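Subject: Structure handover

Hi,

Here is the structure I said I would pass on. Please take a look, then read my notes below.

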Amino acid sequence: MAVDMGINGNYKVRQTSELVALLLKDQTLSTSTHQVNIFWATDDYLSLGSKGYDFFSQIVPEQVMDDNALVIRPRVMKHETWQNARSKDMAEVFTPAWVCNRQNNLVDEKWFGYKNAFNQELTDEDGRHTWKASSSPVAFPVGKKWQDYVKAKRLEMACGESPYLVSRYDATTGATIPLCERIGLLDRKFRIINENTASEPTTLNKRFWRRKAYQALQSVYGFDWQGDNVYLSRESLLCTFIDYYVARWGKMPQKDSLMKAAEIISWNIWQMDGTKFVVPKSCHDERNITQIKGKSFKEQMVPCEGCCKNDNNVHNGTYCKIMEWTCAEPLKGKCILFKELIDK
C-alpha cells in the first residue's frame, strides 16, 4: 500500500475528527469531563480573524480540517517573512536533518558503546552532508537488549516540529526522507522493532509489534511554546507510526490503534514554557487584601513569586503534567509534574 510519507503526508490524519480532537488536547488543563485544547500562544494567525485566532484562543478541529487543512503548516511551507518573524520573536530556528543525525548518532554512540550503529555520515565533493543507513541489523553490546533501546527515554526540548524525534522530511528544506534512511530517535526505535520481531502477518505478531510500537511512542517526549508547533509535532509522530505500520503490514492501522497512539502522543508532546515548566503565560498577578486598621483594607496586586525570584518551584502558573507510562497495552501510567523530573 502506497502512502504519502513526505511533508504533505501529515494532512491525512486531518480527515478524522476524533484523531484531530485528541491531537489538540491539552492533557494538563483537561479534566475527565471537560477537554481543553492547546492554544495558539502567538499572534501570527490574527490575519485570519480576531476571534478564535488570537494569542490565547484554543485551537479547535475546525481550524485545521477540511478547507482549513493548510492553516497550520510546516515552517518550510510558510512565507519567508513569517519564518523570519518567528526567528526574531521566538528564536525559532530549525535544524537541518544532517545535523540532527550527527547529534542523534552521538547519543547512540554513548548508549551502544560504538560508532555508526545506524548509519555512516558522508560529505560529498560539493561539501554537502548526507548519510547512508547501515545494511546490517544493529548489534547490541553485552548486557543490553533491543527491548532496552525501545524503552530508553529521550526528550527534545523546544522541539518545534520535532526533527530530532522524527524525520519524515528535512525541516529546513521540506525534502522527503525515505523510510529506510530516517534518522529520528523514534525512527531508530521502529527500525530496532522491525529488525527484532517476526514479520509474518499473524494476529499474535501484529499484536506484539503494536505493543512495542506503543512502548517506543511512550519513550519519546518533547515540548514547545507555540501551539502550531505542538500540533505539527504530534501529527508527525502519529504519521510516523502510520508509515512504519503500513510498511510492515501493508495496510493502514485500525482506528483503535490510531487512537491509542494519539493518546500517548498527546501526553508526551505538550505545550509548555520551557523556562518555567508551566503552561505559557499562566503566571499572573494575584490580588492581596490586607487589613490596615479598624475596617480599613489595602488592596494590591502581587506578581508571581517564581517570576520575581526566578525560582521554578514557586510559580503561580499551571505546572505542566506528563505521563510516566507503566504499561503499553492497555495504556497505563502515572501522571506527574514535569518539574518533578527536573527537581530530581
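How many helices and strands does the protein chain have? The chain has 10 helices and nine strands. Keep in mind that this is a predicted model.

Overall dimensions come next. The C-alpha trace spans about 80 × 45 × 40 Å along its principal axes. The radius of gyration is 22 Å. A compact globule of 344 residues would have one near 20 Å, so the chain agrees with that expectation.

Of the 344 residues, 49% count as buried. The protein chain exposes about 16900 Å². Carbon and sulfur atoms supply 52% of that area. Among contacts with a separation of 6 or more, 67% are between residues 24 or more positions apart.

On to the interior. In soluble globular proteins, nonpolar side chains tend to be buried together. The largest nonpolar core here has 77 residues. Which residues have the most contacts inside that core? They are Ile72, Trp209, Leu238 and Phe241. Helix 7, residues 227-249, gives the most to this core, with 12 residues. There is also a second, separate core of six residues. Among its members are Ala97, Cys100, Trp131 and Tyr164.

Last, the charges. The protein chain carries 46 positive and 42 negative charges.

Best wishes

Definitions and conventions: Residues are numbered from 1 along each chain as its sequence is written. This is a predicted model: local features need pLDDT of at least 70, side-chain atom pairs count only at pLDDT 80 or more; totals for chains, interfaces and linings use all residues. Side-chain values use heavy atoms; hydrogens and water are left out. Helices (H or I, at least four residues) and strands (E, at least two) are DSSP runs, numbered from the N terminus. The radius of gyration is taken over C-alpha atoms; the globule rule is 2.2 Å times the number of residues to the power 0.38. Buried means under 20% relative accessible area, exposed over 50%, partly exposed in between (1.4 Å probe, protein chains only). Contact means heavy atoms within 4.5 Å. Accessible areas come from the Shrake-Rupley method with a 1.4 Å probe; for residues, only the protein chains shown count as cover. Lys and Arg count as positive and Asp and Glu as negative; His and the chain ends are not counted. The place of a charge is taken as NZ of Lys, CZ of Arg, CG of Asp or CD of Glu. A nonpolar core is a set of buried Ala, Val, Leu, Ile, Met, Phe, Trp, Tyr and Cys residues joined through side-chain atoms within 4.5 Å.
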